[in-house]
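These are my notebook entries on a structure that I have not examined before.

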Amino acid sequence: MHAKGGGSRREEGTAEIGVERPQVVQEGGCPSCGAPVQFTVGTARIKVCEFCQTVVARQGEELYATGKLSALAETATPFSIGLEGRHDGVRFRFVGHLQKDYDDGVWDEWYLAFEDGRFGWLSESEGSLHLMFSRGQHPLERRHFRPGHETRYAGRRVVVEEIRQAQLISAEGELPEDLQREMTIAADATGPGGVFLTFDFGTGEDAPEVFMGRRVELKDLGIPPDALRDAKPKKVRLQGARCTQCNGTLDLKAPDRLKRVACPYCGALLEARGERLAFLNGLPQPDHPLRIPLHSKGRLGDVTWTVIGWMQRSCTVDGIRYPWDEYLLWSPNEGFSFLMDSNGHWTHLLPVPAGEVRVHVESAAYYQGRRYKAFQHVEAITENVRGEFYWRVRAGEKAEATEYIAPPYSINADANAREVTYTHGTYYAPEDIARAFRLKTALPEPTGVAPSQPNPHHAGMVRDLRWIMVYAVAAIFLFVFISANAARQTVYEQEYSLRVPPPPGQTYFSQPFEIPRSGNVQIRFQIRDLQNEWVGVQLDLVDAQGDVRSVYKEMTYYSGHSTDGSWSEGSRTYTTHLSRMQPGTYSLRLVPYYDRLTTTRTLRVTVVSDVPRPLYLVLVLLALGAMAAYTIMRRASFETGRWYESNLVDHG
Amino acid sequence: MIRWIGGALLLGALGLWTTGYEPFARDDKAKVAGLKRGPDGRMIWVGGLHGGK
């Protein structure tokens, strides 16, 4: 990572912050300018002369110069040499400072001496602070490191987020080893639980020194606020910056973090170089007005965000261009996030450490216990931009974008050769965005189905299925209960001989019988030995008042053998029901009809009162099943529309 | 919606089971004019409905 080696070596017998090793020189004169040079930290091998920037190394009793550095660049760091703080209850002191130039600007790294003998590095990058401690060198090869690469270190799964090249600009204070002035390479990785690692390859290809720690907040460092530097040079100088091409006021909202700005008036792309802006190139006018104007403020979740940038990005699938807009949002406390507008569907994307996301490539991603199914993988191109950006944005910038979804959430990975960025997305309806940003004009209605759009029928399906289940169980319970308490009383049972040939006018009258309670009546006809014959039965029930209820039933039973085997049709038992009959005395008249009975058959007629019919239970369950099928199909239809747009599923 | 439809279905089935009403019954109703009682107490009539073949 930094000046290599010795970062974590404990000094025996240290009781205060920074104790001199007795066997090496502690102070002397700068070999270059003669100014006093004093070593206060046992592990320090070099010290930068604060008067002439000479790098002074010590060896035994000797002090000698190893080179000279340029002056420190002015940055927004709040720290300074000698500053003291406390972390996890342990006091520490800022003893050394490195400044390195990365692709995206100057980073500050601080060498810390802890009261308990540990030495750590505090790095400042993009407004984030990471406190790390050296874990020594490890036998790893750089060629295996690429953004998104998952590996294991110290029993942990870690994901490489960024491969970065850096070159030393300047340094101050005491540092553990001589400085590497050549271009060095390091890989940053994150793991679950906020673990942050840097694999510092220096100028080599293998055996990096590994630094492990985690992200910290300024308040975690226990530094008295009045001891911090109030250094915001860029902010002061760029705050009122104007476009170099059209002289329009840029009104920068996050000048400390600014790398590039695209003038909202003329489209000039400008780069922040120190305290000035340099023109790079002109950009075309946006092909549509920005749905949310730059500098609008809106509250999403518990955070108030300011829109500071706009990008138009697109991908091309099967020759068709699919554009979308992304707004860069900024909050002083939360940093940056993105708001994506795709076909009127809005998704708010918050960066998450890559190590917190477990990815099964083009299958699924897992984050905070939730599974996100792979939806699409495209090459995204940045076509146009406006506003300010914290990276060196440019038109034509390409990234491999992969989206994993668990509506209304998503995990989005943007990767290029240098870094991978993971964001966690939350879907918003246009009206929520319009309300959040207090937009005066309504946002366009969404078209199509968005990858992370919540299925509007899902909640209804769950609710409906719950009710359907309740009703199904209730129907079964009711039927069982009513059936168990039904009379099912056989009020009449008689056998009739059907003679051959049938006597003319064959009619039978029953003795009077009682139907004791109101309810339906079941009439069962049975001819046990009916064989390849039919019999029609006309049955009338009449009460004492002469009210008659009549039914006609035709009984057939045929069977035989064919080349397909034996067959039969019809039945020897038929049942019919009469609707609700009043209690009272009834007589039965039976008229059989038949013509070709082989021999005399016996017809048994049984009349049963109050028989709850399972038919209605079956019908209720069928109706409930149909409703369940409808609600499931409605939800599934939406999902079909969603996944039709996926390029990671086989559409057959 | 399904809450109401399901409830109506359940109430409908409950009504059929408790009243004995048979919506699909194919019996016919009529009034018999010449109802007589035979010597053994049987009721004998020739009116009413005569279906069948």
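I count two residues as in contact if their C-beta atoms, placed from the backbone, lie within 7 Å. By that rule, I find 43 residues of chain A and 35 residues of chain B in the contact. The model is a predicted one, in which local features need pLDDT of at least 70 and side-chain atom pairs count only at pLDDT 80 or more, while totals for chains, interfaces and linings use all residues. Residues are numbered from 1 along each chain as its sequence is written, and chains are lettered from A and ligands numbered from 1 in the order in which they are written.

**Entry: the side of chain A.** I looked up which elements give two or more residues to the side that touches chain B; among them are H3, strand S33 (519-526), strand S35 (547-562) and H4 of chain A. Helices (H or I, at least four residues) and strands (E, at least two) are DSSP runs, numbered from the N terminus. H3(A) gives the most, with nine residues. By class, I note 24 nonpolar, 12 polar and seven charged residues on this side. Ala, Val, Leu, Ile, Met, Phe, Trp, Tyr, Cys and Pro count as nonpolar, Asp, Glu, Lys and Arg as charged, and the others, Gly among them, as polar.

**Entry: chain B.** I record one helix and three strands, in the order α-β-β-β along the sequence. Of the 53 residues in chain B, 25% are buried (20 or more other C-beta atoms within 10 Å of the residue's own; exposed means 12 or fewer, partly exposed in between, with C-beta atoms placed from the backbone).

**Entry: the helix of chain B.** Which residues of H1(B) are buried? I list Ile2(B), Gly6(B), Leu9(B), Ala13(B), Leu16(B) and Trp17(B). Seen down the helix axis, they fall within an arc of 95° and so line one face of H1(B); the arc is that of the directions from the axis to the C-beta atoms. They pack against helix H3 (458-485) and helix H4 (614-644) of chain A. On the other side of H1(B), Trp4(B), Ala8(B), Leu11(B) and Gly15(B) are exposed. After the helix I find Gly20(B), with a positive phi near 85°.

**Entry: strand pairing.** S35(A) pairs with strand S1 (residues 28-31) of chain B in the antiparallel sense, over four bridges; pairing requires that DSSP finds at least two bridges between the strands. I note Ala30(B) in S1(B) as the bridge partner of Val548(A).
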